[in-house]
Amino acid sequence: MSELKSVTNDGHTLAPMADFVKQANLNLEQVKALRLKAETNYTDFWGELALEHIDWHKPFSQILDETNAPFYTWFADGQLNVSYNCLDRQVLTQPHKTAIIFESDSGIVNTISYKELLVQVCKFANGLKQLGVKKGDRVVIYMPHSIEGVVAMQACARIGAIHSVVFAGFSAKALADRIADTEACYLITADSSNRGGKKLPLKTVVDEALLILATKSRIKNIIVHKRSDEYCYCEEGRDIWWHDLINNQPDTCEPEIIDSEHPLFILYTSGSTGAPKGVQHSSAGYLLGTILSMRWVFDIKPNDIFWCTADVGWITGHSYVCYGPLAVGATQIIFEGTPTYPDAGRFWKIIERHRVSIFYTAPTALRALIKIDASLPEQFDLSSLRLLGSVGEPINPEAWRWYYEVIGKKRCPIVDTWWQTETGSIMLSPIPGVTPMKPGSCCSPIPGIMADIMDESGNPVERNNSGSLIIKRPFPSQMRTIWNNPQRYLKTYFPKEVGNGEYYVVGDSAHLDNDGYFWILGRMDDVINVSGHRLGTMEIESALVAHPRIAEAAVVSKPHEIKGEAIVAFIVCKGSLRPIGAEAKELAEELRLWIAKEIGPIAKPDEIRFGDNLPKTRSGKIMRRLLRSIAREEEITQDVSTLENPAILEQLKQKEY
Ligand code: WT7
């Protein structure tokens with residue numbers, strides 16, 4: 001075992017461990033060569049990797065097309081099938097290898113080999129075809145984190161249907177919005193899901209969503225996977241059981257030949273306006289990004305047991321559950337439940353039970369487990385672990401050290417991976433075995449990614465000064481557009497002020513330290529990161545003002561020990577008088593439930609404060625920075641001279657219940 005070794009003055013850098021270096025997929029020389037190649041011949045760099053890592057039905061002749069920048073295309077005249085690359089090509093060489101080890105909420109384990117998974121995907125794909133699903137059709141998936149969730153996604157990929165997975169924690173209203181925006185005609189769900197000992201009635205939520213949509217719904221069929229023995233409402237002619245659909249279907253299904261740029265999926269994520277954005281991804285470029293990061297960042301090997309804890313409803317579950325691990329022929333864990341059920345040892349128990357070697361989770365989960373019992377992991381055999389990963393938000397150095405020492409026993413490198421729904425795959429991360437790590441820094445862009453920090457006008461920012469994180473060159477796995485809204489794509493990500501629209505502006509602020517390491521500070525837009533999940537303040541505000549008693553709402557964030565950020569809502573009720581005491585408490589609770597219904601439980605505000613008004617400028621603009629200070633209980637040091645109603649600040653500082 002190698003020692004903690006300081007290689008910079010701050011004493012916080014950890015050199016790669018010798019044992020890991022010996023077996024790593026990449027060594028320093030190779031990383032240098034990759035970086036040099038990317039710098040000297042950017043398109044060939046990607047072209048060669050695409051040929052090496054993807055099985056093409058028809059190889060491409062052009063690598064990158066920038067004619068309609070920033071609507072870039074990659075490998076455009078090439079043809080492939082993503083599901084073929086994930087399944088068939090594994091079956092050719094290792095049909096009986098376990099693809100997925102599924103552990104249910106209650107601890108029941110099911111495993112499925114690559115061959116069996118391919119059969120399931122083919123049967124289901126044939127079922128979809130029988131219903132009339134065609135290439136390019138949108139299929140909404142509202143499923144528990146499960147093997148069937150992956151089967152549904154892979155089946156869509158097989159026939160060229162565009163899936164749009166909606167996280168099963170989202171409300172009927174949020175689901176309805178997404179169904180409407182995709183104009184989907186088919187929906188795949190389950191009767192219920194089990195998480196943390198609780199049953200969630202998914203089909204009921206789906207039925208409600210269709211009621212909300214009413215005549216605007218184009219849904220022809222709902223396919224329902226049976227997860228429980230309880231009664232489930234079925235609408236004759238519309239709703240079909242999953243098992244009935246696949247019954248008697250042939251167990252092979254020719255993969256549809258797909259152009260590289262054919263959309264693989266749409267995934268909604270929050271932005272600065274009220275409406276979530278339908279992030280549209282390509283087929284080939286996206287697949288390439290997930291494969292390379294599996295190899296370079298997760299150092300995947302044939303004998304690994306890979307476990308990414310993210311739900312398939314998020315981008316992390318798309319790239320590092322559904323596509324990446326299968327495309328490299330890995331064995332992975334899918335765990336249906338939560339980290340704290342039946343107790344806070346659940347993650348460690350799963351690692352011990354299935355001999356997990358690569359573990360990828362979010363800082364918020366680590367912080368929650370540290371808080372419950374930081375020494376609990378010592379009761380488990382975690383010796384199978386060899387690499388740890390973190391994603392979703394900055395990992396604080398304390399949590400990083402605990403992860404490193406208590407979970408990884410100082411043997412396992414930690415890859416702090418920065419990326420987004422929009423980038424499709426990991427952008428910034430240490431290369432394990434090569435990059436010396438700094439706790440709390442996602443280190444540097446992986447080979448081929450050209451990142452920098454700039455000010456709002458596109459000028460370079462000096463070291464140690466914060467600025468806007470940007471990616472300077474197009475890359476294969478990036479989003480292609482916002483579904484149905486190319487203008488919003490241009491405006492949000494390629495603002496004219498920054499390098500004349502040439503750069504991808506990611507929306508995070510960050511700084512570079514003296515060693516060239518990136519430190520992510522947080523979002524620059526009106527997006528709050530709660531437990532690694534993105535929520536738009538506008539989205540929550542519009543849900544609040546939809547409540548019959550609410551006139552105005554402003555939502556800001558404050559730091560939270562476990563969740564990273566917590567939501568604080570400032571509310572003005574209709575009819576001027578603000579509620580106080582028990583009435584305020586009651587209304588606050590009602591509003592929390594309302595938000596859970598409008599968006600989902602993750603968007604429930606932690607704190608709700610009522611006022612007769614909100615702090616506004618004379619032109620009527622809400623001064624959110626003041627609200628942020630109030631929420632954080634900080635002294636207000638900002639200039640309040642433009643404030644129309646300074647007295648309101650005192651009122652909002654009071655907690656009324
Ligand atoms: C936002 C993207 C990428 C999958 C999960 C979230 C924040 C993500 C890190 C990290 C610091 C991070 C950023 C980013 N973020 N990873 N390692 N360190 N911040 O995907 O919902 O699209 O959110 O999450 O702010 O912009 P997402």
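**Close-up 1. Arginine 355 in a predicted model.** Arginine 355 counts as partly exposed, at 40% relative accessibility. Partly exposed lies between buried (under 20% relative accessible area) and exposed (over 50%), with a 1.4 Å probe and protein chains only. The phi of arginine 355 is near 55°, a positive value in a residue other than glycine. Look for arginine 355 in the loop between α12 and β18 (358-361).

Residues are numbered from 1 along each chain as its sequence is written, and side-chain values use heavy atoms, with hydrogens and water left out.

**Close-up 2. Glutamate 633 and its phi angle.** Here phi of glutamate 633 is near 55°. That value is positive, in a residue other than glycine. Glutamate 633 sits in the loop between α18 (624-631) and α19 (647-653). Glutamate 633 counts as exposed, at 54% relative accessibility.

Close-up 3. The bond from tyrosine 341 to proline 342 is cis. Its omega is near -5°. Proline 342 belongs to the loop between β17 (331-335) and α12 (346-354).

Close-up 4. Alanine 69 is joined to proline 70 by a cis peptide bond. Omega is near 0°. Find proline 70 in the loop that runs between β1 (64-65) and β2 (73-74).

Definitions and conventions. Predicted model: local features only at pLDDT ≥ 70, side-chain atom pairs only at ≥ 80, totals over all residues. Helix = DSSP H or I, 4+ residues; strand = E, 2+ residues; numbered from the N terminus.
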